[in-house]
Amino acid sequence: MAPEPPLLSMSGITKSFPGVRALDGVDLDVQAGEVHCLLGQNGAGKSTLIKVLAGAHQPDDGTITWRGEPVTLRSPIAAMRLGIATIYQELDLVEHLSVAENVHLGHEPTAAGFVVRGKAARASTGLLLKRLGHPEIDPARLVGELSAAQQQIVSMARALSHDVRLIVMDEPSAALDPDEVDNLFRIVGDLTADGVAVVYISHRLEEIRRIGDRVTVLKDGRAVAGGLPAKSTPTREVVALMTGRNVEYVFPDRPASPPTGTPVLEVRGLGREGEFEPFDLTLHPGEIVGLAGLVGSGRSEILETVYGARKPTSGQVLVDGRPLKPGSVRAAVRAGLGLAPEERKAQALLMLESVTRNVSVSTMSRFSRGGWIDRGAELGAARAATRELSLRPDNPSAPVRTLSGGNQQKAVLARWLLRGCRVLLLDEPTRGVDVGARSELYAVVRRLADEGLAVLLVSSEVPEVLGLADRVLVLREGRVVHTAPARELDESRVLDLVMEGSPAS
């Protein structure tokens with residue numbers, strides 16, 4: 001007897017946006033009644049793939065087969081009519097409508113050709129909520145009055161109000177406490193027992209162990225592994241597939257003894273509820289401190305909170321002993337902090353502007369007089385900053401979009417040098433940078449530290465953190481679990497610490 005075909009098969013899916021190939025020939029197959037986990041770091045292509053599956057994006061190439069038949073998902077409505085529902089991390093509920101109105105939005109119950117509202121809609125919603133184990137949620141209540149966990153249940157009820165056969169869940173546990181996660185898993189178990197398939201996206205590997213049947217790993221828009229057994233595949237193997245470490249690392253020598261004395265940056269009891277627990281940190285002039293941990297461990301959130309882009313729920317940040325205004329980027333920059341963010345093209349660079357303008361943008365007041373910009377002074381200052389970092393080509397008038405990844409990163413660093421930055425926050429500094437340029441960037445960062453700059457570094461690549469930092473804080477699920485000089489750690493030890501509690505063999 002021939003085996004049952006997959007409920008869903010996506011083959012050779014490609015999708016490009018201007019300047020970016022988001023998906024490059026991705027394959028994914030999902031069986032009825034299974035939990036198929038989709039893993040990958042930020043930018044790996046997960047969101048684009050599920051938007052293709054949801055009908056929100058049209059693929060440039062590739063085929064989608066549903067229940068053995070080729071289909072074209074031209075819109076989210078077309079996907080829903082087939083039985084494919086997507087619950088995004090940012091729930092798309094209408095807060096000023098009731099639970100029942102949200103559940104039936106766009107497909108209100110009808111009788112004799114007329115839309116049935118009120119009592120009938122509330123009754124059918126109540127049955128769905130009972131199926132999900134939450135009969136206490138009042139169908140007449142406004143969604144905006146519900147907790148995050150309750151709103152997620154409403155999204156599931158809306159999916160089940162259709163004849164759904166596959167549900168995509170994008171980071172469903174991100175805003176849930178442990179008891180709510182347990183309830184979520186119970187619901188998923190009930191759904192799969194009824195033959196419903198679930199595509200489950202999460203950065204928490206311990207969840208994948210608990211709930212998953214198979215795993216597909218995406219990296220740089222490609223499926224680097226498909227259909228791995230979720231419970232028996234070694235965690236180290238999964239992490240290696242997600243991060244990829246086939247890179248030659250050449251690091252400059254670090255000082256024989258780390259800098260001491262009066263710290264330039266102090267973090268005291270800094271925490272942000274739901275993202276990272278309160279912790280302490282000191283950073284001295286000339287010191288490089290690294291934050292190591294898996295995606296979702298709170299690394300980037302810490303950098304953004306220190307920088308003022310996120311407001312902490314506890315603690316404070318001090319520069320030279322003076323506290324910064326919480327949640328204020330302006331206060332952080334004025335105090336001498338600079339951030340080179342993870343997504344430099346989207347978050348740091350003005351891609352259509354020149355190198356000069358990208359370098360000078362944080363220091364424009366220096367070149368402005370009476371509303372006019374002294375172009376000559378701006379160009380001279382930018383040229384001096386870029387030459388200090390050996391940015392190539394040596395043409396400050398060139399559009400920054402024409403530079404390589406490594407030289408674009410140098411342009412961001414040059415901006416903060418021109419500003420007189422004293423504390424540099426580096427988030428994934430070598431993402432999208434080729435091997436040769438990586439070593440050059442490492443040398444630049446170490447030289448700047450040797451000249452007195454304090455650096456707080458985040459990287460997904462453990463060898464990068466250990467090779468460049470003087471001291472390392474290891475993070476797991478938003479908590480600092482270990483602090484040590486980098487020379488006392490190795491990659492194996494760090495991976496053990498970040499994955500403690502998950503099978504790693």
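Strands β23 and β24 (residues 479-485) pair in the antiparallel sense over 6 bridges, where helices (H or I, at least four residues) and strands (E, at least two) are DSSP runs numbered from the N terminus and two strands pair if DSSP finds at least two bridges between them. The model is a predicted one, in which local features need pLDDT of at least 70, side-chain atom pairs count only at pLDDT 80 or more, and totals for chains, interfaces and linings use all residues. Residues are numbered from 1 along each chain as its sequence is written, and side-chain values use heavy atoms, with hydrogens and water left out.

The two strands form a hairpin with 2 residues between them; in its turn, Glu477 has a positive phi of about 50°. β23 also runs parallel to β15 (residues 288-292), to which 4 bridges join it. Arg471 of β23 stands opposite Pro485 in β24 and opposite Val289.

| Partner of β23 | Sense | Bridges |
|---|---|---|
| β15 | parallel | 4 bridges |
| β24 | antiparallel | 6 bridges |

Strand β23 (residues 471-476) is mostly covered, with 6 of its 6 residues buried (under 20% relative accessible area; exposed is over 50% and partly exposed in between, with a 1.4 Å probe and protein chains only). Arg471, Leu473 and Leu475 point one way from the strand, and Val472, Val474 and Arg476 the other way.

Helix α5 (residues 148-160) is largely enclosed by the rest of the structure, because 12 of its 13 residues are buried. Among them are Gln150, Ile153, Met156 and Arg158. From first C-alpha to last, α5 reaches 19 Å, close to the 18 Å expected at 1.5 Å a residue; the expected span is 1.5 Å times one less than the number of residues.
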